[in-house]
Amino acid sequence: MGRRHSNDDSFREFYASARDRVAEALSATLGDASLGADAADEAMIRAYERWHRLESSSNPSGWAYRVGLNWARRRIGRSGREMLVGAPDERPVWDQHDHSAGLRAMLLNLPIDQRSVVVLRYVLDLTVDDIGAALGVPAGTVKSRLHRAHSRLAEIMEVQT
């Protein structure tokens with residue numbers, strides 16, 4: 001795994017506090033708990049390798065999310081599939097205790113760019129600025145994507161009632 005960093009304790013603390021949250025967010029975004037966990041693990045390996053630079057950043061969890069999402073998208077390939085849907089009884093970590101059966105399906109109806117900002121905002125509880133930094137887009141783009149996602153989710157909920 002490369003050279004050992006002088007601040008391994010700092011990374012261990014980050015890993016303990018962030019790994020499961022990043023996996024949860026990636027599972028929600030990708031619609032596949034197994035792929036989300038694999039992507040989070042890959043992101044954590046890369047974070048460890050770069051920890052000497054990342055530990056002073058304001059948002060290492062957002063960085064890990066972005067790295068994991070990019071890794072998963074490359075793994076899926078360029079088949080054009082925007083959304084992944086797991087087996088019917090495979091539910092991502094974020095949805096295991098949710099009694100609203102339609103929440104996962106509604107989220108998976110969003111384009112991945114909108115889904116990413118919703119997940120980062122409501123699963124990782126990041127600010128608009130932190131989401132922008134994590135995804136490499138301006139805050140205005142984040143706000144626009146959140147607005148469109150909220151509108152689309154409201155449309156879906158109206159149809160279901």
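Leucine 110 sits in the loop that links helix H5 (102-108) to helix H6 (112-122). With a relative accessibility of 0%, leucine 110 counts as buried, because the cut-off for buried is under 20%. This is a predicted model, and the protein chain in it has eight helices and zero strands.

**The chain as a whole**

- Going along the sequence, the pattern reads α-α-α-α-α-α-α-α.
- The protein chain has 161 residues, and 44% of them count as buried.
- Take the contacts in the protein chain with a separation of 6 or more: 69% of them come from residues 24 or more positions apart.

**Helix H1 on its own**

- H1 covers residues 8-30 and bends by about 40° at alanine 18.
- Serine 10 is part of helix H1. Its relative accessible area is 18%, so serine 10 is buried.
- Leaving aside residues up to four places away in sequence, serine 10 touches Trp51 and Glu55.

**H1 against H2**

- Two packed helices are described by the angle between their axes and the distance between the axes.
- For H1 and helix H2 (residues 33-49), the axes come within 8 Å and cross at roughly 150°.
- That angle is over 145 degrees, so H1 and H2 are roughly antiparallel to each other.
- H1 and H2 make a right-handed crossing.
- From H1, the contact with H2 uses Asp8, Phe11, Phe14, Tyr15, Ala18, Arg19, Val22, Ala23, Leu26, Ser27 and Leu30. From H2, it uses Ala33, Leu35, Gly36, Ala37, Ala39, Ala40, Asp41, Met44, Ala47 and Tyr48.
- Sorted by class, the H1 contact with H2 holds 16 nonpolar, two polar and three charged residues.
- Alanine 18, where H1 bends, is among the H1 residues in this contact.

**H1 against H4**

- The axes of H1 and helix H4 (residues 60-76) come within 9 Å, and they cross at roughly 45°.
- H1 and H4 are therefore oblique to each other.
- The crossing of H1 past H4 is right-handed.
- On the H1 side, Phe14, Ala18, Val22, Ala25, Leu26, Thr29 and Leu30 take part. They meet Pro60, Ser61, Ala64, Tyr65, Gly68, Leu69 and Ala72 in H4.
- By class, this contact of H1 with H4 has 11 nonpolar and three polar residues, and no charged ones.
- An α-helix has 3.6 residues a turn, so residues three or four places apart point the same way.

**H4 against H7**

- H4 also packs with helix H7 (residues 128-135), at an angle of about 40° and with the axes 8 Å apart.
- H4 and H7 are therefore oblique to each other, and their crossing is right-handed.
- Gly62, Tyr65 and Arg66 of H4 make this contact with Ala133, Ala134 and Leu135 of H7.
- Its residues split into four nonpolar, one polar and one charged.

**Residues to look up in the structure**

- Alanine 133 belongs to helix H7. At 55% relative accessibility, alanine 133 counts as exposed, since the cut-off for exposed is over 50%.
- Between alanine 133 and arginine 66 there are 67 residues in sequence, but in space they are 9.6 Å apart, C-alpha to C-alpha.
- Back at leucine 110, arginine 148 is 38 residues apart from it in sequence and 9.3 Å apart in space, C-alpha to C-alpha.
- Aspartate 125 is found in the loop between H6 and H7. With 57% relative accessibility, aspartate 125 counts as exposed.
- Most residues other than glycine have a negative phi. Aspartate 125 is not a glycine, yet its phi is positive, at about 60°.

Note on methods: Residues are numbered from 1 along each chain as its sequence is written. This is a predicted model: local features need pLDDT of at least 70, side-chain atom pairs count only at pLDDT 80 or more; totals for chains, interfaces and linings use all residues. Side-chain values use heavy atoms; hydrogens and water are left out. The bend at a residue is the angle between axes fitted to the seven residues ending there and the seven starting there. Helices (H or I, at least four residues) and strands (E, at least two) are DSSP runs, numbered from the N terminus. Buried means under 20% relative accessible area, exposed over 50%, partly exposed in between (1.4 Å probe, protein chains only). Axes are lines fitted to C-alpha atoms, for helices over the stretch in contact, and angles run from 0 to 180 degrees between N-to-C directions. Angles under 35 degrees count as roughly parallel, over 145 as roughly antiparallel, 65 to 115 as roughly perpendicular and the rest as oblique. A crossing is left-handed if the near helix is turned anticlockwise from the far one by less than a right angle, and right-handed if clockwise. Contact means heavy atoms within 4.5 Å. Ala, Val, Leu, Ile, Met, Phe, Trp, Tyr, Cys and Pro count as nonpolar, Asp, Glu, Lys and Arg as charged, and the others, Gly among them, as polar.
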